[in-house]
Amino acid sequence: MTALLPRRGLAQILALIVILAVDRVVSPQFFDLRLQDGRLFGSLIDVLNRGTPVALLSLGMVLVIATRGIDLSVGAVMAISGAIAASLADNHSLAVVLAAALGAGLICGLWNGFLVAVLGMQPIVATLILMVAGRGIAQLITEGRIVTFSSPDLVWLGNGSILGVPVPVAIALGMLMLTGAVVRGSALGLLIEATGGNARASELAGVGTRAMILAVYVWCGVCAALAGVIAAADIMGADANNAGLWLELDAILAVVIGGTSLFGGRFSLVLAVLGALIIQTMNTGILLSGYPPEFNLLVKAMVVLAVLLLQSPKLSGFAGIVTRLRGTKA
Amino acid sequence: MENSPDSAASLLEARGISKSFGAVRALQQVDFTLRAGEIHALLGENGAGKSTLIKVITGVFPRDAGIVRLGGEEVAPRSAKAALQAGIATVYQEVNLLPNLSVAQNLFLDRQPMRFGMVREGEMRRRAKALLADFGLDIDVSAPLGNYSVAIQHVTAIARAVDLSARVLILDEPTASLDRHEVEILFRIMRQLAKRGIGIVFVSHFLDQVYEISDRITVLRNGRLVGERETASLLRLELIRMMLGRELAETTSARAATREHQAREVCASFESYGKSGYVAPFNLELRHGEVVGLAGLLGSGRTETARLVFGAERADRGQARVEGAPVRLHSPRDGVRHGFGYCPEERKTDGIVAELTVRENIVLALQAKRGLHRPLSRREQDEIASRYVKMLDIRPPDPERPVGLLSGGNQQKVLLARWLATSPRLLVLDEPTRGIDVGAHAEIIRLIRELCDDGLALLVISSELDEIVTYSDRVVVLRDRAHVEELAGEAIDVGNILAAIAVDSVAVALEAHT
């Protein structure tokens, strides 16, 4: 339970509050919510809605990073699953569309997991292969065009609402709870952290480290595929060139902001999702402020730096010394 | 020795050194004197303050009080680099050079011979070769340092330090990962350097080596100076008493009590078990309530045997049986499933998961054995962890502390606890007492006896023959990756083991020299 809601989440929560406060200043209506046609609207809802793809990606990514790996292919997997979903949407039921798209994500994850766990390739290189090839595969599926669809079921997935909550947000929340239940309800969480912390020692303790690594890449592929379907449903079409482009970096960033080390080991699902929301809150805030979007990247970098500094053990040691000095002088 | 240590002037003098970390007083008013041309052993249990003293002297940690004089002049280096410039060089157990660079590049890092802005590779190699020749080393200096043994890496680090005009050389556990022959090379070099007038501080857990090489001994305990003695006039028992501050009866306690055993039941057996190019086929029977010791030089196939028995390495011939039934041991998981446990020699890299807590490290093997779908509840984990923390006296007794923060001895106990929690039938312990302070050492040996009395089968590897003799019911001696001798009962003594190891060690030594 400690890793689901850890004490160490303070830096992230503080950062989110500060950014929300800044957003409130640049856009006085930021916290306004209204109910229209049975669906909530407002900037906060926008943040959650827009943040869904990266939040889903970060759910898979955080597990991969916990095993000391990384998955660069999630953006490309989004494009593949989006292309599949868009191509099938108008002629098949939602169940078939989802099964095909998520199945593709699962296969992509198996591929990555096979390269890393069985062949022992370095994760960054192994997943780079699919990062490059995946977008090509997606373009082959869409035959280089932007495939649009009008299937109301799939459109609902991107734009509908359940009890006033946008469907994508509900899905992301559901996935967070599902992943949390699987990972912390079973021994998976401990064994993943052990594998990431010291794979050799874990192997010698009888942990099936290969199975762990395979499992996290598969889950990462499925999460990415789901994100891809939602992104496609949102725009009612699939653009193989741009769907999920560079989002793997946002996902990694979200995980890092969430305090999980790229060296593997301890991880937190909730904080990774919080990291995704921090990123999206910034994006939305900058859009609302009317500043040119070019500032977005710069501001993002600054905020990331600030959050990481807050987490840095050296800096907190320094802060400790400062307070102690003050204490002795007083 | 030209300079008798008594007449030599003091080279490095530390007076009244104090250092605290928060509320912990790591050093209190410690004095230390190193004379030119002497080899001075710095001893103490883990946590006695040896490392802290070294780090304060070399400026890695700022000191709270006290002064350090080098050749009569006060020095206060702010960093290890500044200390090096002042003439105090430190070589740590984990050599901090760059394994991917060549030996020559490592030797002249930061000060390569240059001409017209280009590194003169040829000149650098020539000088590197000459420098190492001084140390009796004739190797290809253009090969990456990482290709060479730890011993050669150590010598390279020492050569670099000495060439940087060091007057004081501090060696922190330099022999921990060296075999006997390599230790001799290192000792020869240390004596040579001492003759040149360099003062050497030698930190080690191996008391035999301390007696062999050192002129003087300074003992620390709990951050305080216990005393400084001349090695020649200090009895070993007295030294241990200085280090522990108490009588240490257990280490030599008699094993005889449980020794006259009848035929015990076989727990696991291995028939012509082996792997080509790894260990020659061997026959081995491990019985309940019996300790089998594996003795031999480093590289003789001891660890290899242990890994085959546990399943960490896959045999390509022979048959393994557990309680009489044939089994396959293809992975550690197989070993764990059959009730085996394995505490590897390299605790840090192969044993603990440093950032996880004591509790998590203890339940890891049990959880892996039970499988994913049967997680141990937090309450069960807490219960198991606190039971073993109490039973093995793990300190500090906090199951939620990351295990990486514990001392070596306590990490070893955590590993033992990890396997005991799986209720094993066979435990394989590879060097269970290596790098552990004397107090924990005796405790681990006592534990081994107790576990054995409870009916566990144990296979124990140790380089310390005294230790093997103390607890083993049978001793298997290995040489050149083959089992060459099995001693039992009265035949077990250090002399017999040495005789079995040494049959053609003269030939081995000659080979190593050419």
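First, the conventions. Residues count from 1 along each chain as its sequence is written, and chains are lettered from A, with ligands numbered from 1, in the order in which they are written. The model being predicted, local features need pLDDT of at least 70 and side-chain atom pairs count only at pLDDT 80 or more, while totals for chains, interfaces and linings use all residues.

Confidence, then. Chain A has a mean pLDDT of 89, and 92% of its residues reach 70 or more; pLDDT is the predictor's confidence in each residue, from 0 to 100. Residues 1-6 of chain A fall below 50, and this stretch has eleven contacts in the model beyond near neighbours in sequence. A contact here is a pair of residues whose C-beta atoms, placed from the backbone, lie within 7 Å. Where pLDDT is low, the predicted coordinates should not be read in detail.

Next, the two chains together. 20 residues of chain A are in contact with 24 residues of chain B. On the chain A side, α8 (188-197) and α9 (199-204) each supply at least two residues, and α8(A) gives the most, with six. Helices are DSSP runs of H or I with at least four residues, strands are runs of E with at least two, and both are numbered from the N terminus. By class, the side of chain A that touches chain B has nine nonpolar, seven polar and four charged residues. The nonpolar class is Ala, Val, Leu, Ile, Met, Phe, Trp, Tyr, Cys and Pro; Asp, Glu, Lys and Arg are charged; the others, Gly among them, are polar.

Staying in chain A, helix α4 (residues 94-118) packs on helix α10 (residues 209-235) at about 145°, with the axes 7 Å apart. Those axes are lines fitted to C-alpha atoms, for helices over the stretch in contact, and angles run from 0 to 180 degrees between N-to-C directions. The contact of α4(A) with α10(A) holds 21 nonpolar residues, six polar and one charged.

Now the sheets of chain B. An open sheet of four strands runs in the order β14-β13-β16-β17 with antiparallel pairing; strands pair if DSSP finds at least two bridges between them. At the edges are β14 (279-287) and β17 (325-327), each with a single partner strand, so one side of each has no neighbour in the sheet. The twist averages 20° from one strand to the next. Strand β16 (residues 317-322) of chain B is joined to β17(B) by three bridges, and A320(B) has V327(B) as its bridge partner. Across β13 (266-275) and β14 of chain B lies helix α9 (residues 302-310) of chain B, at about 65° to β14(B).

The six-stranded open sheet of chain B has the order β18-β19-β20-β15-β21-β22 and mixed pairing. Here the edge strands are β18 (340-343) and β22 (482-488). Neighbouring strands are turned by 15° on average, direction ignored. Within this sheet, β19 (residues 426-430) and β20 (residues 457-461) of chain B pair in parallel over five bridges, with L427(B) opposite L458(B).

Which strand of chain B has five of its six residues buried? That is β11 (residues 216-221). Buried means 20 or more other C-beta atoms within 10 Å of a residue's own, exposed means 12 or fewer, and partly exposed is in between, with C-beta atoms placed from the backbone. Four bridges join β3 (residues 39-43) of chain B to β11(B) in parallel; on the other pairing, β11(B) and β12 (residues 224-230) of chain B share six antiparallel bridges. In the hairpin of β11(B) and β12(B), with two residues between the strands, N222(B) takes a positive phi near 50°.

Last, some backbone exceptions. Most residues other than glycine have a negative phi, and most peptide bonds are trans. D37(A), in the loop between β1 (34-36) and β2 (39-41) of chain A, has a phi near 50°; with 7 C-beta neighbours inside 10 Å, D37(A) counts as exposed. D393(B) has a positive phi of about 55° and is partly exposed, with 13 other C-beta atoms within 10 Å. D393(B) sits in the loop between α13 and α14 of chain B. P396(B) is also placed in the loop between α13 (378-391) and α14 (408-420) of chain B, and the peptide bond from R395(B) to P396(B) is cis, with omega near -5°.

Conventions. Two residues are in contact if their C-beta atoms, placed from the backbone, lie within 7 Å.
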